[in-house]
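Welcome, and please take a moment to look over the model shown here. The briefing that follows goes through it topic by topic.

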Amino acid sequence: MINGKRVLIVIPAWNEEASVADVVREVRGELPGVGVLVVDDGSKDRTHEMAAQAGATVARLPYNLGVGGAMRLGYRYGYENHYDVVIQIDADGQHDPRYVPKLVDALDDADFVIGARFAGEGDYNVHGPRKWAMTLLSIALSRMAHAKLTDTTSGFRAANRRTVELFAHWYPVEYLGDTIEVLVRLLRNEYRIVQVPVTMRPRQAGTPSHSPIKSTVYLARAALIFCLSMVRK
């Protein structure tokens, strides 16, 4: 329980055996009493074993669906087990669970809260086409939300019960759909979205997959996903 709300932390994980156990232990240490669900997204390593040994409930997908598929399962689990709040935290250790109570508090006046990396706290930064895509998306979605949203692709997110119910029955699995299309759908249906400044930490293990070519592809795909989400019903 956090501030009288039953909270579930969902950690989507794909081949994160080197870091997932530390993330689970940190969450359980900083936030005693919350539920912790690790969704093993078709990993080929010992992700599920390490998460279970650290004390998490583990759900295993038979093959890799991506973050959207893993979170769809997480939201369904949260809805069916009557949690008031579901919060997404990455398995690589970049998200600090000490910010979770702030995200929960912000849900008193919102349906969905983004832990924003570019909102005046910390020194996290991106460059090139990836930054251009994030900036354009933030401008467009801020206008839709009638509020400043500086980090619309953040994976550190909190949803209230109303939003969890929606996501339990609808959640896109396409790449970037779980970030961009989700926000468009919420805003078009008059859900209130706000952000809370957070500090991002270095990855505990592994290496980022970004490169100039991948960043350019990201820019093109982000624009396409945004346009498609605006015309989908």
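Helix H6 passes helix H7 in a right-handed crossing. Keep in mind that this is a predicted model.

**How H6 meets H7**

- H6 covers residues 161-169 and H7 covers residues 177-188; their axes come within 12 Å and cross at roughly 120°.
- On the H6 side, the contact is made by Thr 163, Leu 166 and Phe 167, and on the H7 side by Val 182, Arg 185 and Leu 186.
- By type, the residues of this contact are 4 nonpolar, 1 polar and 1 charged.

**What is buried in H6**

- The buried residues of H6 are Thr 163, Val 164, Leu 166, Phe 167 and Ala 168.

- Which order do the strands take? The open sheet has 7 strands in the order E3-E2-E1-E4-E6-E5-E7, and the pairing is mixed.
- Strand E3 (57-61) and strand E7 (193-197) are the edge strands, each pairing on one side only.
- From one strand to the next, the twist averages 20°.
- Strand E1 (residues 7-13) and strand E2 (residues 35-41) run parallel and are joined by 6 bridges.
- Within that pair, Ile 11 has Val 38 in E2 as its bridge partner.

**How the helices lie on the sheet**

- H6 lies across E4, E5 and E6, and its direction is at about 95° to E6.
- H7 also packs on the sheet, where it touches E5, E6 and E7 and makes an angle of about 35° with the direction of E6.

**A closer look at Phe 167**

- Is Phe 167 buried or exposed? Its relative accessible area is 0%, so Phe 167 is buried.
- Phe 167 belongs to helix H6, and leaving aside residues up to four places away in sequence, it touches Arg 72, Tyr 75, Phe 112, Val 182 and Leu 186.
- Phe 167 and Tyr 79 are 88 residues apart along the chain, and their C-alpha atoms are separated by 8.8 Å.

- For context, most residues other than glycine have a negative phi.
- His 82 is not a glycine, yet has a positive phi of about 65°.
- Where is His 82 found? It sits in the loop between H3 and E4.
- With a relative accessible area of 54%, His 82 is exposed, because the cut-off for exposed is over 50%.
- Glu 190 is a residue other than glycine with a positive phi as well, near 65°.
- The loop between H7 and E7 holds Glu 190, and its relative accessibility of 70% means that Glu 190 counts as exposed.

Note on methods
Residues numbered from 1 in each chain as written. Predicted model: local features only at pLDDT ≥ 70, side-chain atom pairs only at ≥ 80, totals over all residues. Heavy atoms only, no water. Axes fitted to C-alpha atoms, helices over the stretch in contact; angles between N-to-C directions. Helix = DSSP H or I, 4+ residues; strand = E, 2+ residues; numbered from the N terminus. Left-handed = near helix turned anticlockwise from the far one by under 90°. Contact = heavy atoms within 4.5 Å. Nonpolar A, V, L, I, M, F, W, Y, C, P; charged D, E, K, R; others polar. Buried < 20%, exposed > 50% of the residue type's maximum accessible area, 1.4 Å probe, protein only. Pairing = 2+ DSSP bridges.
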